[in-house]
Amino acid sequence: MDAMEVNKMNIEIDEDGFLIELNDWTVEIAAYLAALDKIYLLTPDHWKVIYYLRDYFNKFGSAPMTRKLCKETGFTFKEIRALFSCSCIRGVYKVAGLPKPTGCI
């Protein structure tokens, strides 16, 4: 287990950079996690995806299927991957403060 400091708060993360305690998530932590992946500005498009994921997770206790995420946000999977510089959905979940998805290497 590792830790990072954001706004003088010590936040625990796992070996892949995912939050250990999901309730630690803030917009500042999202920006910090994004910067670690070389995303230095979170645009309204980023926030649309992030907030959709967080809202869905808070309502249902799990993340939506990728197809639902795309349908509900209006972005293709390719567009979401480009926004978050990732080859799978994993980078999006990390910035949104959600648990590491299964099936992503």
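Two residues are said to be in contact when heavy atoms of the two lie within 4.5 Å of each other. Under this definition, and leaving aside neighbours within four places in sequence, Ile-80 is in contact with Val-49, Leu-69, Cys-70, Thr-73, Phe-75, Ile-89 and Val-92.

The structure is a predicted model, in which local features need pLDDT of at least 70 and side-chain atom pairs count only at pLDDT 80 or more, while totals for chains, interfaces and linings use all residues. Residues are numbered from 1 along each chain as its sequence is written, and side-chain values use heavy atoms, with hydrogens and water left out.

The description may begin with helix H2. Helices (H or I, at least four residues) and strands (E, at least two) are DSSP runs, numbered from the N terminus. Helix H2 covers residues 44-60, which is 17 residues. From its first C-alpha to its last, H2 reaches 24 Å, close to the 24 Å expected at 1.5 Å a residue; the expected span is 1.5 Å times one less than the number of residues in the helix.

Which residues of H2 are buried? A residue is called buried under 20% relative accessible area, exposed over 50%, and partly exposed in between (1.4 Å probe, protein chains only). In H2 the buried residues are His-46, Trp-47, Val-49, Ile-50, Tyr-52, Leu-53, Arg-54, Tyr-56 and Phe-57. An α-helix has 3.6 residues a turn, so residues three or four places apart point the same way. The buried residues of H2 pack against helix H1 (27-36), helix H3 (66-73), helix H4 (77-83) and helix H5 (90-96).

The packing of H2 on H3 can be described in more detail. The two helices meet at an angle of about 125°, and their axes are 10 Å apart; axes are lines fitted to C-alpha atoms, for helices over the stretch in contact, and angles run from 0 to 180 degrees between N-to-C directions. H2 is therefore oblique to H3, since angles under 35 degrees count as roughly parallel, over 145 as roughly antiparallel, 65 to 115 as roughly perpendicular and the rest as oblique. On the H2 side, the contact is made by Lys-48, Val-49, Tyr-52, Leu-53 and Tyr-56. On the H3 side, Lys-68, Leu-69, Glu-72 and Thr-73 take part.

The next topic is the nonpolar core, a set of buried Ala, Val, Leu, Ile, Met, Phe, Trp, Tyr and Cys residues joined through side-chain atoms within 4.5 Å. The largest such core has 31 residues, and those with the most contacts inside it are Leu-42, Val-49, Ile-50, Leu-53, Ile-80, Phe-84 and Val-92. Strand S2 (9-13) and helices H1, H2, H3, H4 and H5 are the elements that give two or more residues to this core. H2 gives the most, with 7 residues. In soluble globular proteins, nonpolar side chains tend to be buried together.

Phe-77 has its place in helix H4. Is Phe-77 exposed or partly exposed? Phe-77 counts as partly exposed because its relative accessible area is 29%. Not counting residues up to four places away in sequence, Phe-77 touches Thr-66, Cys-70, Cys-88 and Ile-89. Phe-77 and Thr-66 are 11 residues apart along the chain, and their C-alpha atoms are separated by 7.5 Å.

Several residues in loops complete the picture. Lys-38 lies in the loop between H1 and H2 and has a positive phi of about 65°, although it is not a glycine. With a relative accessible area of 63%, Lys-38 is exposed. Just after H2, Gly-61 takes a positive phi of about 75°; Gly-61 is in the loop between H2 and H3 and is exposed, with a relative accessible area of 54%. Gly-74, in the loop between H3 and H4, counts as exposed at 58% relative accessibility.
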